[in-house]
Amino acid sequence: MSKFMNSMRGILQRSFTLGLSILMAILVGSIIMLIDNHNPIEVYRLLLEGAFGSTRGLFITMQRATPLIFTAIASTLAFRTGVFNVGVEGQFFIGAIVGTWVGYAFQMPAVIHLPLTLLAGFIGGAAWAYFPTVMRQKLGVNEIITTIMTNYIATFLISYLTNYPMRASATTPETPPVQVTARLPQFVEISKEFGKGSQAHVGIFIALAVVVIMWFIFRRTKLGYEWRMVGLSHMFSEFGGVNLNRTFISGMLVSGGIAGLGGIVEILGVWREYKNLFAVGFGFRGNLASLLGGQTVIGSTVAAIFYGGMESGALSLEWGAGVPRQLIDIIVGLVIFFMAAEGMWDFLRRRKAAAKSGGDAPTAGQTPAKPAEKTEAAGQAAQAK
Amino acid sequence: MTNAVEMIGIRKVYPGVIANNNVNFSVATGEIHALVGENGAGKSTLMNVLFGLTRPEEGQIFINGKQVHIHKNSDAIALGIGMVHQSFKLVPSFTVTENITLGGEPRKGLLVDRKAAHDNIVEISKRFGLQVDPDARIRDLPVGVQQRVEILKALYHNADILILDEPTAVLTPQETRDLFGVIRSLVAKGKTVIFITHKFNEVMTISDRVTVMRDGKVVETKDTKDTNPTELARMMVGRDVLLRVDKAPANPKDVVLEVQDLEVLDNRNLKAVRGLSLQVRAGEILGIAGVEGNGQRELVEAIVGLRPVYSGKVVMQGKEITHASVRQRRDDGISCVPEDRYVRGVALRATLEDNLIVESYFKEPIGRGMLIDLNQVTEFSQNLIKKFDVRTPSSKVTAGALSGGNMQKVVLARELSLDPTLLIVAQPTRGLDVGSIEFVHRTIIEARDRGAAVLLVSAELEEIMSLSDRINVVYEGRIMGEVSGAEADEESLGLWMAGVGGNAEAAHEASSEHTAETLKG
Ligand SMILES: Nc1ncnc2c1ncn2[C@@H]1O[C@H](COP(=O)(O)OP(=O)(O)OP(=O)(O)O)[C@@H](O)[C@H]1O
Ligand SMILES: [Mg+2]
């Protein structure tokens, strides 16, 4: 019974539910399209082709996936420590605006300027995560509520900044462009051919680096161990001497930092200046991608890329077939819905069984623990062979 | 006479273990049938099969002579089978009534009829003598009362065949006697009871027949009157077991732990520990005897650093640690085997490796700088697993997949891996089989002989008396009196535990003398 086989089984099971959810979503999506007078088969074909069928599509997919990878990893990190960070959205914006300021207000050589700007984005996001974290730890206020609040505050704050102190253009609320020394080159800028027709940029490497680093941290470092254990059982971790406060706070700060880093990478690679509300929804989609990916580092990365692909496909659909891109949001929403429904179904079934027997009732507000069932399922899978 | 339950050729395999291997098991209608066996022998698995919580690979089940197919839990419930689980499965934030009626609430139109539920529970608890406040929240209740709620819950769902998986593990002797009364009255009303336990005296007292399991197989089923504890132990373990511990006289050295006039609040902010003082020396075992819920839990949590101290002092080797963090105290050499094995002792969803390293991941050789050396982790874990004979297919399975006894071995292994100066053990053998109890007791005595100060908290008088070099009896958060382990007799300890004996005054004086002495010293 090797560990590898075990994890393979887990992945297979997970892919199965994911596949099923996607199938259901496609079905329901088809009905909606039929009602809207589109041929679903054609739409899906165009969607896939748009996303993965051409080099250009692939580059657009990459471009759209880049910020999502950051926000998905940020959500995953928080989830794993037992926190639902809905504030990824606001942290993304704040990271972007703080980084933008460092990016345009200073002049220095690229080797210093670029890292400094990225760092500023990270710190901006982390700082924005700090307040809800403290509210949770000190006052016991639910982080979902406080992070939603801080999202609103972020929106208003940025609206103010781009309209007044940081405004550069008389006509629209936007900041001055960031210095060339702080920009992340797009692939087209490096070679005229490679990545033509997209704004894909080298930020994807930073995103992938974050993925690798986070994977490593979870698996191989003391900090990662603390994050994981606190998420699995804070009662046990506390008993073992793990400092819960410090672990929660560090988890949230790094989560916010990664979100903020995503924000500034998006600016430096694609926009090069802060336009008000340049990219609403990256945070929320990151939350969803993390859920889709089973709250694991690798899973949520794959989900983020998938999500990016759907968006890229949606863009080409909009141009090519005149299908509104909101349809894609509906389909992705449906995928999530069916996956969540699967979890919900499981939850309800166990709750019902528990009610009758005194069995393992999932506790309200906690991720339901079900170690025994998992091993059990694995056992049955083993037997099936 | 028909058999209420007949299980034939049951086989259940988990990854790496055959939990039930061709098991035949039958229970006559109206009997009390004890099921005993080592930790991990497969008792709970067999009952989970009967209760429809897990499906066997092979085997047939007959209920009241008719073959049945139990595919899921609700099938079993519909057949009149009820089960009280080994580990608590109650929702902590719900009230007793809510927990008992969860899912099957009596209804008035669309609304849940709380009053009816409430009255029904009061009625059942009266009828069977199980006193519970139906409106209390589970998290505020002591373990013993939570167990009572579990039993009530099964009764509430009209079970005819009642499976009790180690119900007495968490009960006080008095509560156990009460439970036996309940069981007898159930049987008198024609119900059938399957009773899992590790305590042979309970088998002898309550059961009509007893089935012994070992390594996933049934060894034998016997009429209780034709057997005795020694024989049961031999059948279970496969060798002769020492039912009593041998130990050399203690050789106490310097004071390691000193608790002075300690006051600690419980979850409801009431004083649970009320001016308690004690001392533990290196190389001795101090036993804290007492009925559960007299402040023992709060005392232990305060010493370990999980619960703030209201007033008073905790001193470790001359250094005050009253407000130190858990980690600091652990660095000072405090280890603890907690009473709540499933909540504090292990993280059920984490692997054994992750469970075993929680106190050493940040230190050499496992921790290196900011990193954790995974090879060291595996080596460290596998050593401990071997040394403490934890029965598991691998160090990478989750702790939740282990049997109760093996889980406790994991906790002990971890807590002793650091060679503690002070070892606190709370209810260390709760739910363990005789073989494991022998092992745990030997381990505790070995720790003492290596020079550790041991603070043993147990509701089990026998355990306290056989292990302790000195015994303090706690009642309502205070020490009622002290005797040496050799002089202790059940009678007087029992009186102190009940708060009787007029020794309270004397005890009080004694403890203030203690304090005065230490102040001088
Ligand atoms: N869900 C599970 N997944 C994997 N292995 C399991 C699972 N449940 C039980 N086992 C294994 O099956 C064996 C039998 O376990 P079981 O819980 O039935 O023992 P038990 O006789 O009830 O022991 P105890 O007295 O400690 O409660 C053990 O080796 C245990 O590790
Ligand atoms: Mg068991």
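These legends walk you through several close-up views of a predicted model.

Residues are counted from 1 along each chain as its sequence is written, while chains get letters from A and ligands get numbers from 1 in the order in which they are written. Since the model is predicted, local features need pLDDT of at least 70 and side-chain atom pairs count only at pLDDT 80 or more, while totals for chains, interfaces and linings use all residues; side-chain values use heavy atoms, with hydrogens and water left out.

**View 1. Where domain 1 of chain B touches domain 2 of chain B.**
Chain B is split into domain 1 (3-237), domain 2 (245-333 + 421-429 + 450-521) and domain 3 (340-419); such bounds come from an automatic or database domain assignment. The C-alpha centres of domains 1 and 2 of chain B are 35 Å apart. Seven residues of domain 1 are in contact with seven residues of domain 2, where contact means heavy atoms within 4.5 Å. The size of an interface is often given as the accessible area lost when the parts come together. Here, about 560 Å² is buried between the two domains, and carbon and sulfur atoms give 50% of that. (Buried area is the accessible area, with a 1.4 Å probe, that two parts lose on being put together, summed over both.)

**View 2. The salt bridge across that interface.**
The rule finds one salt bridge between domain 1 and domain 2 of chain B: the side chains of B:Glu460 and B:Lys199 meet, N to O, at 3.6 Å. A salt bridge is a side-chain nitrogen of Lys or Arg within 4 Å of a carboxyl oxygen of Asp or Glu. By class, the side of domain 1 that touches domain 2 has three nonpolar, one polar and three charged residues. (Ala, Val, Leu, Ile, Met, Phe, Trp, Tyr, Cys and Pro count as nonpolar, Asp, Glu, Lys and Arg as charged, and the others, Gly among them, as polar.)

**View 3. B:Glu292 paired with B:Arg430.**
B:Glu292 sits in the loop between β15 (285-289) and α9 (296-304) of chain B. Helices (H or I, at least four residues) and strands (E, at least two) are DSSP runs, numbered from the N terminus. B:Glu292 forms a salt bridge with B:Arg430, with the closest N and O atoms 3.0 Å apart. This pair links distant parts of the chain, 138 residues apart, with B:Arg430 in the loop between β21 (422-426) and α15 (434-449). B:Glu292 is buried at 15% relative accessible area, and B:Arg430 counts as buried at 13%. Buried means under 20% relative accessible area, exposed over 50%, and partly exposed in between (1.4 Å probe, protein chains only).

B:Arg470 is buried at 16% relative accessible area, and B:Glu284 is buried at 3%. Elsewhere, B:Lys247, B:Arg448, B:Asp449 and B:Asp469 are linked in a network of salt bridges. Over all chains, the count comes to 39 salt bridges.

**View 4. Helix α12 (residues 282-292) of chain A.**
Eight of the 11 residues of this helix are buried, so it is largely enclosed by the rest of the structure. Among the buried ones are A:Phe282, A:Arg285, A:Asn287 and A:Leu292. A:Gly294 follows the helix and has a positive phi, near 70°.

Most residues other than glycine have a negative phi, and most peptide bonds are trans.
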